Amino acid sequence: MIDQLDTLRTEIKARIDEAPNLRALETVRVTALGRKGRITELVKSLGQLPSEERPRAGQAFNALKNDIEGMIDGRKAQLADRELGQRLDEEWVDVTLPARPSSQGSIHPVTQVTEEIIAIFAEMGFAVAEGPDIEDDYHNFEALNLPPEHPARQMHDTFYLEAEHNGVPLLLRTHTSPVQIRTMKMQPPPYRIIAPGRTYRRDSDMTHTPMFHQVEGLMIDRRTHMGHLKGCLIDFVRAFFERDDIPVRFRPSYFPFTEPSAEMDIGCKRGGGELIVGGGSDWLEILGCGMVHPKVLEAVDLDPSEWQGFAFGMGIDRAAMLKYGIPDLRTFFEGDLAWSRHYGFAPLDIPSIHGGLSR
Amino acid sequence: MKLTLPWLKEHLETEATVEEIAERLTSLGLEVEEVIERGEALADFSVAYVRDARQHPNADRLRVCDVETKDGVFQVVCGAPNARTGMKGVFAPEGSVIPATGDVLKAATIRGVESHGMLCSARELQVGEDDDGIIELPDHWQIGTPATEVLGIEGPVIDLSITPDRADCFGILGIARDLAASGMGSLKFRDTSAVPASGPSGPDIRLDFLAGCEAACPLFVGRIIRGVKNGSSPVWLQRRLKAVGVRPISALVDITNFCTLDLARPLHVFDAAKLEGGIVLRLARASETLEALDGKTYKLDGEMTVIADDSGVISLGGIMGGESTGCTEATTEVLLEVALFDPLRTAMTGRKLGIESDARTRFERGLDPSFVMPGMEYATRLILELCGGEAGEPVIAGAVSDNRREIDFDLAQLPRLTGIELDGATIRNYLSALGFVVQPRDSNLHLTTPTWRHDVSTTACIVEELARLHGYDRIPPVPVTRTEAVGSTVLSSEQRRRAIVRRAIADRGFHEAVTWSFTRPEWARFFDGASPILLRNPINAEQSAMRPSNLANLLAAAANNFAKRELDGAIFELAPRFMGAGPGEQRMSLAGIRFGEASRRHWQLASRLVDVFDVKADALAVLDAAGGPADKVQIASGAGGAYHPGRSGEIKLGQKTIARFGEIHPRILAAFDLDTTVVAFDLDLEDLPKNRGKTSRAKPPLEHWPYPPSDRDFAFLVERNLPVADLLRAVRRADKKLIRDVDIFDVYEGKGIEPGKKSIALSVRLQSKQRTLTDEEIETVAERIIEAAGKSVQAVLRG
């Protein structure tokens, strides 16, 4: 009996080892351990043994059964590994092939820089105000202390519309300053606003486009003076250009809507057709500013002996050109895809003070 | 405005260097554009004496010269035909740089003879065109005198940008006054004392203006000067004018130009022999013309101030003289004109006629009215000095009105508006130096403005004067801080929405464009602009209408890209469009276009052109990003306008269209020369429902669906032109409770389907929150779906 079992073990082991795949191995298992399997059949003959031999034989049977099962499991794992190996070989792909394309667009530098400017001034408590591009003479000129025959109007090269509104001639705003007037007429002081937007002048050459972008600033309360004007704008340019060492200079200038008036220059380096902001011995005009003219305050029914403050105006496009080294203003307005891919900004590059203005 | 340092020093006693002066000018608000160091290139060159010039032993055309210079005698080989013994010329030593070539001069051996240095021609020094020989100097120049001096290089030149309010600084005197007031030297004055008259006075002068127009010319002084000789002006005057870019013409004309620049006092000289009868100042008559000194003939109108005699108009007041009475070399008798003309009228006339002149620049900004007589005396003196002759009694028509203003200046205004603290004495000194009459009144100052400062009228103006003399750079900056530690949101909900939408659409592959607010009128008509809003004075026809839609310029941009072989792409613009010129007709509009292939050709993706479903998705994504009700909208076929009638749609919220999308109409593509498929969407952000302010930011609780869903597929046969949305609506309504989702997974027409029909395959997901659905329940819903589809859109279930 025991001999018989040994022979069977040898035989089944051979078949297990020879099983070429999991299916063949299953057949071997069924043949050995299945309901009509050889071991099962042998177990059935156990009853015919003398009772004293039965326990020993029973033990031997169990040992055999366990052995066989162990051998099958071992072989199974071996075969599964091999099959997985084969599958993995077959599943090889050439990962050097290009991935599926995803198209990402871009944000225009004017938008990006506008948002940077908003982020900086928000830190100083300035909200964003807006006004229409089509303006009338009153808001664009008269209320800003530019009466009809004022010589400075010529500097503005105004576009006029054929259409009128209620008999009032219409024009395209030559600066964002009318937003000052609209803001001050709409709500009571104090004011802290910036007003970015499109502006228009009848001028077109290498460095001028008939449409461009400006940001206006206005801060009016009972105590703001030129020291605040300087502090505000110095902090602004250093934050904007992300350099603490930018030299700045304020020099007297003339604007009809401010008195005293100033222009702000920043230090720069010119050479090799390049302009680098910061350092160097040259100065570059960056914005015009001043204390809001008493006549402007009177035009919006504010008492100049009570209310005071500053205003400024800066070209956004030029600020973008300076900061990001974009050489030609005219290219801003062409909608050229190659330009956008190169000078544009990733949609998720949202400027903020806490996270940084730019990458 | 240009001036030279020596010229400035005739008005200002100062030891300051040109750098110091330039820096101060800028800090005073007289912005220095450039300091041109004329003569710097000639610093190494000086006068030399040719002691001996002899024939070169080995070359016919060359001479060997012994040249005596400030540094000793050098042997120089010279090729100039005029090099000769005993002459004086300009010597360039070894190591100097020749301005014309930029070459460094080295010792050389020329045909066997050593040469150390060079004698220069005018062209080599870039001081003239003469290249026939070396410069010959008059004998009186000492050896070693700097070349800049003998060549009369007037410099350095300071180029200033003067703001339009500073009329007084269009004369060097005014600039010097500012410098002196700021503490840089002391002011010197020209001799404006009266020049004694001899002989009779000149022609009668009459101001002939209708009541109300007298301001056109309130004062006109004419002075006759007889026996003048009008040759070239002296070298010093010519140099000075040339240095600031004015061409010398003749002594008389040069004197008028000199006074214009020196004193901001434009003058005119008439050839008195050419005048016919008396002088009349009046407004021009319609159809009168004037041949002006620039050789052009101008048509005048009744708004322009003219100077006339019996022959008609002879000069345009404050702008330009006439050819017929101009001075020439033959002139022996001149009438000097010193007048005041109305700034506004002068500006208007100049603008209308397109004449820019130095006189106009000054008259339209406003002259010092009290300087008419002094200016006249100075000019007379200069004419007598340079041209000889004798001056008659001046003839004066009109009078000066007092333009001085009184300002009570509260000293507290300076610190209030600028933060600058100055003591009273300093303030008084500053203002007195600028020409104000300063009188203490109470604790403040009573000021009378100088006659030349039209720009000063208010307390704020005085503050500016003090601040700029003190120096803006000395104002300590004060940071602008918030009152609250944590700032509040500065964007309005509209502004925020715009920012989000912009980035959402860029994230879908669109590049943001910024294009003109203008467009071509014919393009405007393609889009909502039946009668475009036109500019009265456009730069060109392409930019003459305000755009009624942002699509036109995007299509033009696409065409430009296409022409540059950018065959596919996506661009958008979020910016104003103009439905009309009135308030509220400017709308914040978003338009996007896609053109060409949907994606680049790729080994794994079938290539296809962009289509209406790309932009439908874009438009819906925009609504979603805008916080709009993307799930509550309906889609209607046909967007009209610029869109393909059969391949476009509108997104509606109730009755209101809030967005459009689709293929661009082929006719419009043809107009833009776009030979590819272009799809677009556009919407106005104002049309989207406003985001209402919420008090709570909490989201509703997450819904749990614990029981498994069952998906059932259906295929319906419907009319080909049935909008599938109708079928979907019918199916959804069949059981609002159990139907969670309906998806269309196939649309088929063609073989196997009867013509005029299409097959729509739907997958319907059924799910209950309360239990697992039984087969019977599912079957019942399925039957209801089939019934509803049949009833409402005549859909037939395919077998």
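Colleague: What radius of gyration does chain A have, against that of a compact globule of 359 residues?

Modeller: The model is a predicted one, in which local features need pLDDT of at least 70, side-chain atom pairs count only at pLDDT 80 or more, and totals for chains, interfaces and linings use all residues. Residues are numbered from 1 along each chain as its sequence is written, while chains are lettered from A and ligands numbered from 1 in the order in which they are written. The radius is taken over C-alpha atoms, and the globule rule is 2.2 Å times the number of residues to the power 0.38. A compact globule of 359 residues would come near 21 Å, whereas chain A has 42 Å.

Colleague: What does the C-alpha trace of chain A span along its principal axes, and what percentage of its residues count as buried?

Modeller: The trace spans about 135 × 50 × 45 Å along those axes. A residue is buried if 20 or more other C-beta atoms lie within 10 Å of its own, exposed if 12 or fewer, and partly exposed in between, with C-beta atoms placed from the backbone. Of the 359 residues of chain A, the buried ones make up 42%.

Colleague: How many helices and strands does chain A have?

Modeller: Helices (H or I, at least four residues) and strands (E, at least two) are DSSP runs, numbered from the N terminus. On that basis chain A has 11 helices and 11 strands.

Colleague: How do the axes of α1 and α2 of chain A run, and at what angle do they cross?

Modeller: Axes are lines fitted to C-alpha atoms, for helices over the stretch in contact, and angles run from 0 to 180 degrees between N-to-C directions. Under 35 degrees counts as roughly parallel, over 145 as roughly antiparallel, 65 to 115 as roughly perpendicular and the rest as oblique. The axes of α1(A) (residues 2–18) and α2(A) (residues 22–33) come within 9 Å and cross at roughly 160°. That makes α1(A) and α2(A) roughly antiparallel.

Colleague: Which residues make the contact between α1(A) and α2(A)?

Modeller: Two residues are in contact if their C-beta atoms, placed from the backbone, lie within 7 Å. From α1(A) the contact takes A:Ile12, A:Arg15 and A:Ile16, and from α2(A) it takes A:Leu25, A:Val28 and A:Ala32.

Colleague: How many residues does each chain bring to the contact between chains A and B, and which element gives the largest share of the side of chain A?

Modeller: Chain A brings 72 residues and chain B brings 78. Elements giving two or more residues to the side of chain A include α5 (109–123), β6 (211–221), α8 (226–240) and β8 (258–271) of chain A. The largest share of that side, 8 residues, comes from α8(A).

Colleague: Which elements cover the buried residues of α2 of chain B?

Modeller: In α2(B) (residues 18–28), the buried residues include B:Ile21, B:Ala22, B:Arg24 and B:Leu25. The cover includes β7 (248–252) of chain A, together with β3 (31–36), β11 (157–161), α4 (172–181) and α12 (459–470) of chain B.

Colleague: Is β7 of chain B enclosed or left open by the rest of the structure, and which residue is the bridge partner of B:Tyr49?

Modeller: All 5 of the 5 residues of β7(B) (residues 88–92) are buried, so this strand is largely enclosed by the rest of the structure. Two strands pair if DSSP finds at least two bridges between them. β7(B) pairs in the antiparallel sense with β10(B) (residues 118–119) over 2 bridges, and with β4(B) over 4 bridges. In β7(B), the bridge partner of B:Tyr49 is B:Lys88.

Colleague: Is B:Gln55 buried or exposed?

Modeller: B:Gln55 is found in strand β4 (residues 46–55) of chain B. Because B:Gln55 has 11 C-beta neighbours inside 10 Å, B:Gln55 counts as exposed.
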